[in-house]
Amino acid sequence: MEITAIKERLSLSEVLKHYSLEPKNNMLKCFMHNDQTASLQVNLEKNFYKCHACGKSGDVIQFIEDYEKLSKHEAIKKAQSLISSEIPTSKKTNSVLMNEKERIQFLEKVYLSFRKGIFNCVPAKDYVKSRALQVEDLEIGFNSGQLHYAERKGGEKGLIQKLIEIGLLSLAGTNSRTGGQAYKTFE
């Protein structure tokens, strides 16, 4: 896997979760020096960090390299392993692997489902109105967290697998109250 692909697939947020680091207001205590107050700023949107005290900065690979004190090569290997470990085992063996056109079509269907959801959920509509917005004028939706139940009720085959592949659903690691696999929606 190329470095650019690693940087596209692995977010700084996922790396921080792996190391059990939780930034407060996008700030952490810097692990590269004795930091009394949080001076390491993380930009989770741009996958970039910078310490305002020691001046160290970088991307996800550089973060892994600095945090674990690895060589660049070892950090790249670690980043690859983090990417492969985030993919559920069931996906590896039962993958639907959509091509780009199929992904776009699938995401459009999901968006339309979410779009309908906002019109069917009174609290969601009330929230939009409380923000002085018009739900009819906006291209927004509402995820009730129930989309994957359609497959369980005899709907589209492979829906759950597609939702996992696209990152809108992940395994919860516990069994549901009905005894089946539990899932959690994206955050």
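**Close-up views of a cavity and an aromatic cluster**

View 1. A search of the whole structure, a predicted model, finds one cavity of 30 Å³ or more. A cavity is a set of points on a 1 Å grid over the protein atoms alone where a 1.4 Å probe fits but cannot get out, and lining residues have an atom within 4 Å of a point. The largest cavity holds about 60 Å³ of space, a volume being the space filled by probe spheres set on the points, which are joined across faces, edges and corners. Its lining consists of Val110, Phe114, Asn143, Gly145, Leu147, His148, Leu163, Leu168, Leu169 and Thr185. Six of these residues are nonpolar, four polar and none charged (Ala, Val, Leu, Ile, Met, Phe, Trp, Tyr, Cys and Pro count as nonpolar, Asp, Glu, Lys and Arg as charged, the others, Gly among them, as polar).

**View 2. The pair Tyr19 and Tyr67.** Rings of Phe, Tyr and Trp (its six-membered ring) pair if their centres lie within 6.5 Å; planes under 30 degrees apart are stacked, over 60 edge-to-face and the rest tilted. The count comes to six aromatic pairs. Tyr19 and Tyr67 form a tilted pair, 4.4 Å centre to centre with 40° between the planes.

**View 3. The pair Phe31 and Tyr67.** Tyr67 is partly exposed at 27% relative accessible area (buried is under 20%, exposed over 50%, partly exposed in between; 1.4 Å probe, protein chains only). Phe31 and Tyr67 pair edge-to-face, 4.8 Å centre to centre with 80° between the planes. Phe31, at 23% relative accessibility, is also partly exposed.

**View 4. The aromatic cluster.** Tyr19, Phe31, Tyr49, Phe63 and Tyr67 form one aromatic cluster.

**Notes.** Residues are numbered from 1 along each chain as its sequence is written, and side-chain values use heavy atoms, with hydrogens and water left out. In this predicted model local features need pLDDT of at least 70 and side-chain atom pairs count only at pLDDT 80 or more, while totals for chains, interfaces and linings use all residues.

How values were computed:
On a 1 Å grid over the protein atoms alone, a cavity is a set of points where a 1.4 Å probe fits but cannot get out, and a pocket is an open set with protein on both sides within 12 Å along at least five of seven lines; lining residues have an atom within 4 Å of a point.
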